[in-house]
Structure formats: structure tokens, C-alpha cells
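Please keep the sequence and the coordinates in view while reading.

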Amino acid sequence: MSKMPVSKTQIDRLGDRLKGGPHTENDLRLLDDYRQSFGEAYEAVVQTIRQGGEFPTGRLAKSTASIAEKLRRESIRLSQMQDIAGCRAVVTDVVKQEQFVASLRTVFPGASVIDRRDNPSYGYRAVHIIAEISGKPVEIQVRTALQHLWAEVSEKSSDVLDPTIKYGGGSESWRNFLTKSSASVAAYEELEKEHSIAVAAYEVMVAAHENSKKATAELLEHQLPDHEVQEIRGKLEDSTRKMERAEQEEQETQEEMLRRRNANADLLSEAVSWLDERAKEQKK
Amino acid sequence: MIFLIEYNRSKGRIVNIRDFDDSQRREAEDSRLEIELDLNRKGVDHEVVLLEAESRNALDRTHGRYFKDLRKILEDNQ
């Protein structure tokens, strides 16, 4: 049986009621109908992404608890909420993230892009793309592995330590840990970009050097005056030096990434120690 | 696959998880609502969420928060 369409005003009134509590059964059913009205748009977005070879995890419907919290926290109406339906993709690094975001912009022209790497939300870094299908927004979260780890720690600690952590609250030491680790993730992303450029530069130099070697071998098969031979050999040595320098730069960025990864691991280790201390205190 | 998760936020633990085939989406949505209505009647504040993933492993990767405790999330990534 088809359901009666619900007006924007009815939805916003529902949102006002959801801010309070407890919820009535009618309101929960009305919210469920509203969530289901995003089904087709969600399906279209996820199918399009899958056709591109990515398999994001879809969230068919934002939970009632999350909707009510967002309505209480932000001056937003329920009808304006853009993440009722959505999906999440976790990619390996920031270079892949850039590529994936660019491909999403192509397949969903007109989609809005919220880049939380430029403006982190209480340390949260990611790119959110809001695609709109037949007037229904669907949020696509694109996170790197490190951004995702940070978000999981923030969300989980909001669950079990203090619900305000996700929005900048919580104890000072935990807040410091999240702030420092978010900055560390940002620094690592810069290294990922530098490394990707260094790898590309090295590959170009290797290809150029191979061409130089071939050209030199061919030229040296001919009887050439000594000064020309010297010049050709000089150019080849120059190409070798450039290639070696590019290789060295690539290795240096790799080493810097390793140092940064170790620093990140130290931060995580400190956080575990803090949790252990906290558990001991609570036992006393 | 579709996963219906009932999660106790303050304890950080899954209370119940059920999976459905992709073809059972309507059933999964109905079950989600039934659980939510039941919890509401009992005055229990649990998060009820429907997620669709390629596999259980894929779900672990993108929504590990539901399955791991905080210590484990931190330790697994050191």
C-alpha cells in the first residue's frame, strides 16, 4: 500500500518533537517512513559507486538516536538534514582519497563537497560529498585509513567515556590526545602527497635515463669525434645523477613517513596507558 | 549483505546483530522499526542501525566501532 506523502512542515514538526523525548510510536513510524523515502536515492548512489569499482558500506538509515542528537546539537531542521541516508568508503591514503573524490564529482555533477581536511570538525578529517538524486540528498563519506582510525577512536570514546568528546568535550588529557593525533594525521597526509610526487618523479627519471642509455648506445655505434663522445657520455652521467637524486628524495620521504608512523604509534600507546590508568583509578 | 545492529552506546557493546540478504531489505527495515518500537516501549536507549556491506569483514573495516572496544581499536593500530 502506498503511503501518503508527508509535507516538509510535517517533517520539521516531527523534528521538533524528536528533540525532546520520550518518542511516541506514531513519531517513530513517521520518521521511519521519512527515512525510507531516501531508499531510491540511496540505491542509485551506491549502485553508481559500485559500478566504479568501490564497495562502500551503506547506511540505509541514520539511527533515531543520532537524528535526535543532531537536531538538539545543531540549529538544523529535520528536512534539511543531508545525511539521513549515506555510505562510507575507506581508502588507503590521501592520494587515493583525492582520486576517489574527483571521480565522485564526475559521476555526481553538482554534488556539494565538504572538505573536513581544510576545516576539521573538532579534529575530524574526511571528505563528505552530498549527492542529490530526485531532490533527496545522500551523503558519501570518504576517509583515508588514518582519518578513519581517528574517527573511530573519537566516536568510540564518545560512546564509552563521554558523549561530548566528539564535539570537543571530555577530559583535557583525552582532548589533547585527539587534537595531537588529528594534527599528526594531517602531517602524515602531507608526506603521503610528497611521497606520491617523489615516486612519480623517480619513475619519470628512470624512463628518461633508459631512453638516454639507448640513445647513447646507438650514437656510440657511429664513428664520432672525441669531443662529441665526451659530450654524450657527460649527458648520460647527468641523467644518472638526476635519477639517483630522485631515488634519494623518494627514500627520504619514505623514511620521514616511517618516523611519522612511529610517532603516531607512540600517541596511540600513550592513549592506551591513559585508559589503563583511568581504569585503575575507577577501581579504587 | 544487510546487517541490523542493536548497539548499547554507553557500554560500547552490540546487544544484537542479525544479517539479511540484499533481497530482504524490506524485511530488514521492518525488523529495524520493530526493535526500535519495542525499545521505546521499554524505555531502553539503544542505537538501532541498518548497514549494507559487501561482507562482514568489510563492515568491520568501515564500522569497527560497533565491534571493538576502545583499547582494541587503539592497540590494533599501534
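A salt bridge is taken here as a side-chain nitrogen of Lys or Arg lying within 4 Å of a carboxyl oxygen of Asp or Glu. The model is a predicted one, and over all chains it holds 38 salt bridges.

One of these joins A:Glu256 and A:Arg259, whose closest N and O atoms are 2.8 Å apart. Because the two residues stand 3 residues apart in helix 8 (residues 226-283) of chain A, they are separated by about one helical turn. A:Glu256 has a relative accessible area of 31% and is therefore partly exposed, and A:Arg259, at 48% relative accessibility, also counts as partly exposed. Elsewhere, salt bridges that share partners join A:Glu25, A:Arg29, B:Asp38, B:Arg41 and B:Lys42 into one network.

The salt bridge between A:Glu189 and A:Arg125, with an N to O distance of 2.7 Å, links distant parts of the chain, since its partners are 64 residues apart. A:Glu189 belongs to helix 7 (residues 172-220) of chain A, while A:Arg125 sits in the loop between strand 3 (112-115) and strand 4 (127-133) of chain A. Both A:Glu189 and A:Arg125 are buried.

Buried means under 20% relative accessible area, so A:Arg117, at 14%, counts as buried, whereas A:Asp115, at 21%, counts as partly exposed.

In soluble globular proteins, nonpolar side chains tend to be buried together. In this model the largest nonpolar core has 40 residues, and A:Leu78 and A:Ile140 are those with the most contacts inside it. Helix 3 (residues 39-51) of chain A gives the most to this core, namely 5 residues. Leaving aside residues up to four places away in sequence, A:Ile140 touches A:Val45, A:Ile49, A:Cys87, A:Leu104, A:Phe108, A:Val127, A:His128, A:Ile129 and A:Ala131.

The largest pocket has a volume of about 1200 Å³ and is lined by 45 residues, of which A:Lys62, A:Arg73, A:Asp83, A:Lys166 and A:Tyr167 lie nearest its centre. Its lining divides into 18 charged, 14 nonpolar and 13 polar residues. Among the elements that each supply at least two residues of this lining are strand 1 (57-61) and helix 4 (64-73) of chain A, together with strand 3 (47-52) of chain B. Helix 6 of chain A gives the most to the lining of the largest pocket, with 7 residues.

The second largest pocket has a volume of about 570 Å³. Of its 29 lining residues, A:Ala145, A:Leu146, A:His148, A:Leu149 and B:Asn77 lie nearest its centre. Two or more residues of its lining come from each of strand 2, helix 6, helix 7 and helix 8 of chain A, together with helix 2 (56-62) of chain B. Helix 6 of chain A contributes the largest share of this lining, 7 residues. By class, the lining of the second largest pocket has 14 nonpolar, 8 polar and 7 charged residues.

Technical notes:
Residues numbered from 1 in each chain as written. Chains lettered and ligands numbered in written order. Predicted model: local features only at pLDDT ≥ 70, side-chain atom pairs only at ≥ 80, totals over all residues. Heavy atoms only, no water. Core = buried A, V, L, I, M, F, W, Y, C linked by side-chain atoms within 4.5 Å. Buried < 20%, exposed > 50% of the residue type's maximum accessible area, 1.4 Å probe, protein only. Helix = DSSP H or I, 4+ residues; strand = E, 2+ residues; numbered from the N terminus. Contact = heavy atoms within 4.5 Å. 1 Å grid on protein atoms, 1.4 Å probe; cavity = no way out; pocket = protein on both sides within 12 Å on 5 of 7 lines; lining within 4 Å. Points joined across faces, edges and corners; volume = space filled by probe spheres on them. Nonpolar A, V, L, I, M, F, W, Y, C, P; charged D, E, K, R; others polar.
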